[in-house]
Amino acid sequence: MRKWLPLTAVCLGAFMLLVDVTIVTVALPDMARSLHTSFADLQWVMDIYALALAALLLGAGSLADLAGRRKVYLAGLVLFAAASLACGLATGPAVLIACRGLQGIGGAAMYATTMALLSSSYQGRDRGIAFGVWGAVNGAAAAAGPVLGGLLTQHLDWRWIFYVNLPVSALAVFVTLRYVGESRNPHAKGVDVPGMAAFTLAAGAVTYALIRVGDNGWTSTTTLGLFALGALALLAFVLVERRSSRPMLDLALFRSPSFVGIMLGGLLLSGAAFSYLVYASLWLQSVRGMGPVTAGLAFLPMSIAAFLVSAAAGRLLHGASPRLTIGIGMLLIGAGALLQAMVGAGSSWTVLLPGLALAGVGVGLATPSLAATAMAAVPAERGGMAAGAVNTARQLGNALGIAVLGAVFQDKVLAALRASATALADPRTTADALTGGRAAAVIARTAPGQRAAVSQLVHEVFAAGLRQTFLVAGAMGLLGGVVVLLLVRRPAAPAGVPKGGPRQARPSQKPVTAQEAISG
């Protein structure tokens, strides 16, 4: 059993950082009540973590190859633990958001090194087993996040979704120091700091603009200025990457239509499949009155379907064209979101289940082969960078998806309030309270004779906002499916492989770099 301790150390970190992507979802209403947050604050609690992962993942892999994979992984663990403690102790939304960003930085350092550490720790059949267990842990984390978050929030306090990381981190640090060996890439050239800075600024400016659009408006000077800043930063990123001797992302990869299709598919997949869960959780708890545990359990059909289909697809669809598995999977994700748009003012939580299950089937079909397809679409020496770029696109898609769908949700709720015949003193203040998870407070502040009417109005406007959100998410999924089906092509089979048969890569027995291993 001693030989599997490096796998244990790596899986502990991977489980924590992936659980923290979703564990916050069902705790948002309790956070809102405790910290008196705005709707934008709740979005940033989710978004800043995904943004940090997206912005720093490729750069962290380069740093790990240069400085040492174990060293970077340990630094990520320590930072993640310290940030988790600070999140739990936060007394206001600004502190919580800042500490979630630090969590994301630690998570990027951990995620960028996990597979490289496994590759350097195991050989042959053991390496295959280790990667299989690591993949299963990734799937389990996605399913466990909402349920674990619900249990901790309901039976202890929302702060415990962060405190629980401390003992796990301590155990992971101990096992890593004792049983995981150090490894480096002797040919590493350094870290593309200007590229990382430009990419981070571009992603952050656009996300901030989308989150603030509910207050500022689409045509305000602030919104347009932020979009312009994001565009200039993106242009700077392109110029830096074209001239850099060690680019974070080789832009020549985009000469391949298949790679472009996979990048767009990965970007749209996360936004279409997962970003609306934030707003569905607010509806389940603040409007339908569910507790955090039952709200977390309501999302299980998606996780279970994704896990089962992913496991079955590996055996039953072996050799199938990734263009079809990813493209059809994206179409199913879009159809699942559209199916959830049947939600109405009097709907119960069960109205979401068919759509969640269908979207989970799509996730199970599309996700497993994204990284491998990106690697197959580019030259072999750029395979690791391509896989890392797809993973970055998925995290960025989640962050942008939360922001875009949040703007759609908030706009529709406000429009429905303004169009209502029910008298309200300030529709915008009411909209901020509803989208901030304080529906019960809105109803409680109403005169007793009007509470029934206001309660009905709350149900109606929240359902209207969710319907619009699901429609946009569905359109994103369908668009992603069409893009993948149009652009992605099966790579040509090498000599000796029958035409139409799968291209199989011979497993390498040598350790890979952190950049080559970022293919989560």
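Helices here are DSSP runs of H or I with at least four residues, strands are runs of E with at least two, and both are numbered from the N terminus. This is a predicted model, in which local features need pLDDT of at least 70, side-chain atom pairs count only at pLDDT 80 or more, and totals for chains, interfaces and linings use all residues. Residues are numbered from 1 along each chain as its sequence is written, and side-chain values use heavy atoms, with hydrogens and water left out.

## The second largest pocket

A pocket is found on a 1 Å grid over the protein atoms alone: it is an open set of points with protein on both sides within 12 Å along at least five of seven lines, and its lining residues have an atom within 4 Å of a point. The second largest pocket has a volume of about 630 Å³, where volume is the space filled by probe spheres set on the points, joined across faces, edges and corners.

Lining this pocket are 25 residues, and those closest to its centre are Phe199, Leu234, Leu267, Leu396 and Leu400. Two or more lining residues come from each of α10 (193-216), α11 (221-243), α12 (257-273) and α19 (383-419). Helix α19 gives the largest share, 8 residues. By type, the lining has 21 nonpolar residues, 4 polar and no charged (nonpolar: Ala, Val, Leu, Ile, Met, Phe, Trp, Tyr, Cys and Pro; charged: Asp, Glu, Lys and Arg; polar: the others, Gly among them).

## A threonine between two helices

Look next at the loop between α5 (93-111) and α6 (114-121), where threonine 113 lies. Threonine 113 counts as buried because its relative accessibility is 0% (buried is under 20%, exposed over 50%, partly exposed in between, with a 1.4 Å probe and protein chains only).

A polar atom of the threonine 113 side chain lies 3.0 Å from the backbone oxygen of methionine 110. Beyond its neighbours within four places in sequence, threonine 113 is in contact (heavy atoms within 4.5 Å) with Ala64, Arg69, Val72 and Tyr73.

## Aromatic rings

The structure holds 8 aromatic pairs. The rings of tryptophan 160 and tyrosine 163 are edge-to-face, because their planes stand at 85°, with centres 5.3 Å apart (rings of Phe, Tyr and Trp, its six-membered ring, pair if their centres lie within 6.5 Å; planes under 30 degrees apart are stacked, over 60 edge-to-face, the rest tilted). Tryptophan 160 is partly exposed at 40%, whereas tyrosine 163 is buried at 18%.

Elsewhere, Tyr279, Phe409 and Phe462 form one aromatic cluster.

Key: A polar contact is a pair of N or O atoms within 3.5 Å; within protein, one must be able to donate a hydrogen and the other to accept it, and residues adjacent in sequence count only if both atoms are side-chain atoms. On a 1 Å grid over the protein atoms alone, a cavity is a set of points where a 1.4 Å probe fits but cannot get out, and a pocket is an open set with protein on both sides within 12 Å along at least five of seven lines; lining residues have an atom within 4 Å of a point.
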